[in-house]
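Please have a look at the sequence and the model first.

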Amino acid sequence: MQTVLSGIRSTGNLHLGNYFGAIKNFIKMQHENNCYFFVADYHSLTTHPDPAHLHDNVRKVLSEYLACGIDPDVATIYIQSDVPEVTELYLLLSMNAYVGELERTTTFKEKIRKQPENINAGLLTYAVLMAADILIHNAHKVPVGKDQEQHLEMTRKFARRFNQMYKTDFFNLPQAYNFGEKLVKVPGLDGSGKMGKSEGNGIYLSDSPKAIKKKVMRAVTDSGPTKANQEKPEAIQNLFSLMQLVSTPNTVQYFDDKYNSCEIRYGDMKKQLSEDITNFTNPYRERIEEIYRNDEYLRKVAVQGAEKAKINAQKTLKTVREIMGFKNF
Ligand code: ADP
Ligand code: TRP
């Protein structure tokens with residue numbers, strides 16, 4: 001069985017793009033692999049979060065993933081900072097990570113531009129910490145979005161370097177997890193492009209029905225088709241694509257027919273879409289709120305996850321220390 005690991009940013013709520021593009025696959029994947037999911041709270045320190053919010057952010061993210069169906073009895077779900085073995089591996093790996101290659105990382109260069117007032121060493125070594133996250137469980141596969149591919153490449157570089165330096169084959173070279181060819185791209189409703197947090201067009205699982213309605217009713221459309229069966233412009237296709245994810249095939253067909261016969265009323269379509277999104281997200285929103293309030297359950301999940309993750313992490317660290325020449329008196 002393959003070990004699959006995924007790090008989760010500890011800020012931000014899940015939107016429909018995250019759900020259909022990633023989480024839905026995670027839920028399936030957990031039954032087919034030995035899965036580790038962790039909330040990357042150490043990583044969030046690079047932006048100096050307010051201590052009053054740090055824990056609550058972790059709690060929110062954890063509640064959302066559990067509400068979506070990550071099963072703590074099937075996968076190992078834990079908080080990064082509950083497994084401090086990661087930081088020791090990070091220190092050990094950082095001795096063989098070179099400043100030049102870290103400075104050339106795209107995400108580091110971006111951060112320099114975005115937060116010139118706070119170019120801390122944690123930003124520079126972000127990729128080393130991420131490599132430690134992955135290598136502490138000797139993961140084979142890591143599901144990553146486009147923006148994280150370079151970090152995974154660097155993880156392989158550090159692992160390969162370690163293996164060569166110490167003449168061992170201890171570390172696997174982790175590869176990107178491929179969910180198959182049918183990757184869904186969830187569009188935004190602002191005319192073009194995908195739904196995304198930084199795009200500012202997210203429809204969130206935790207959004208209230210009112211918020212969803214407002215977002216959908218604002219969607220970009222046009223003055224309507226003038227010729228039967230004409231091709232749909234991107235903004236309109238986006239409405240249909242989103243509908244395909246949350247509505248019944250009959251509903252999609254109904255509006256498709258209306259479009260093709262030039263009788264479509266976008267207002268009606270948006271109303272239907274907003275209702276169907278709400279029906280889809282409502283159970284998630286309720287579950288998120290329920291889990292978020294359940295201190296005891298969250299504590300149990302976090303403790304159980306940390307215990308499982310620590311067993312593996314300690315084993316890895318012990319071997320790495322031995323390979324590097326550390327010995328107990
Ligand atoms: P965001 O910053 O918008 O929350 P990320 O870029 O962090 O999204 O992506 C997190 C995961 O969600 C990735 O696996 C990515 O492929 C997936 N994802 C994000 N937005 C979409 C989208 N619009 N369609 C499909 N998948 C998406
Ligand atoms: N850097 C990842 C992100 O921004 C989060 C992350 C941290 C991660 N450690 C990881 C992802 C290890 C995969 C594996 O989304």
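Asp147 is partly exposed, with a relative accessible area of 43%. For accessibility, buried means under 20% relative accessible area, exposed means over 50%, and partly exposed lies in between (1.4 Å probe, protein chains only). The partner of Asp147 is Arg9, and the two form a salt bridge whose closest N and O atoms are 2.9 Å apart. A salt bridge here is a side-chain nitrogen of Lys or Arg within 4 Å of a carboxyl oxygen of Asp or Glu. This pair links distant parts of the chain: Arg9 sits in strand E1 (residues 3-9), while Asp147 lies in the loop between strand E4 (141-142) and helix H9 (149-165), 138 residues apart. Arg9 itself is exposed, at a relative accessible area of 51%.

The model is predicted: local features need pLDDT of at least 70 and side-chain atom pairs count only at pLDDT 80 or more, whereas totals for chains, interfaces and linings use all residues. Residues are numbered from 1 along each chain as its sequence is written, chains are lettered from A and ligands numbered from 1 in the order in which they are written, and side-chain values use heavy atoms, with hydrogens and water left out.

**More charged pairs**

Side chains of opposite charge can pair when their charged atoms come close. The structure holds 15 salt bridges, and the table lists three of them.

| Pair | N to O distance | Accessibility of the Arg or Lys | Accessibility of the Asp |
|---|---|---|---|
| Arg9 and Asp147 | 2.9 Å | Arg9: 51%, exposed | Asp147: 43%, partly exposed |
| Lys215 and Asp207 | 2.7 Å | Lys215: 23%, partly exposed | Asp207: 12%, buried |
| Arg265 and Asp268 | 3.4 Å | Arg265: 56%, exposed | Asp268: 39%, partly exposed |

Salt bridges can also join into a network, as they do for Glu101, Lys157 and Arg161.

**Helices and strands**

Now for the wider layout. The protein chain has 14 helices and five strands. Helices (H or I, at least four residues) and strands (E, at least two) are DSSP runs, numbered from the N terminus.

Two strands pair if DSSP finds at least two bridges between them. One such link is between Ile8 and its bridge partner in E2, Val39. Strand E2 (residues 34-40) is mostly covered, with six of its seven residues buried.

How do helices H8 and H9 pack, and at what angle? Helix H8 (residues 126-135) meets H9 at an angle of about 70 degrees, and their axes are 9 Å apart. Axes are lines fitted to C-alpha atoms, for helices over the stretch in contact, and angles run from 0 to 180 degrees between N-to-C directions. H8 and H9 are therefore roughly perpendicular to each other; angles under 35 degrees count as roughly parallel, over 145 as roughly antiparallel, 65 to 115 as roughly perpendicular and the rest as oblique. Among the residues that make the contact are Tyr126, Ala127 and Met130 of H8 and His151, Leu152 and Phe158 of H9. By class, the contact of H8 with H9 has eleven nonpolar, two polar and no charged residues. Ala, Val, Leu, Ile, Met, Phe, Trp, Tyr, Cys and Pro count as nonpolar, Asp, Glu, Lys and Arg as charged, and the others, Gly among them, as polar.

His151, found in helix H9, is buried at 2% relative accessibility. Leaving aside residues up to four places away in sequence, His151 touches Thr105, Thr107, Tyr126, Ala127 and Met130, where contact means heavy atoms within 4.5 Å.

Is Ser63 buried or exposed? Ser63, in helix H3 (residues 51-68), is buried, with a relative accessible area of 0%. Its contacts, not counting residues up to four places away in sequence, are Ile288, Ile291, Tyr292 and Leu298.

Pro49 belongs to the loop between helix H2 (41-44) and H3 and is partly exposed, at 25%. Pro49 and Thr11 are 38 residues apart in sequence, with their C-alpha atoms 9.8 Å apart in space.

**The whole chain**

Of the 329 residues of the protein chain, 46% count as buried. The C-alpha atoms fill a box of roughly 80 × 45 × 40 Å, taken along the principal axes.
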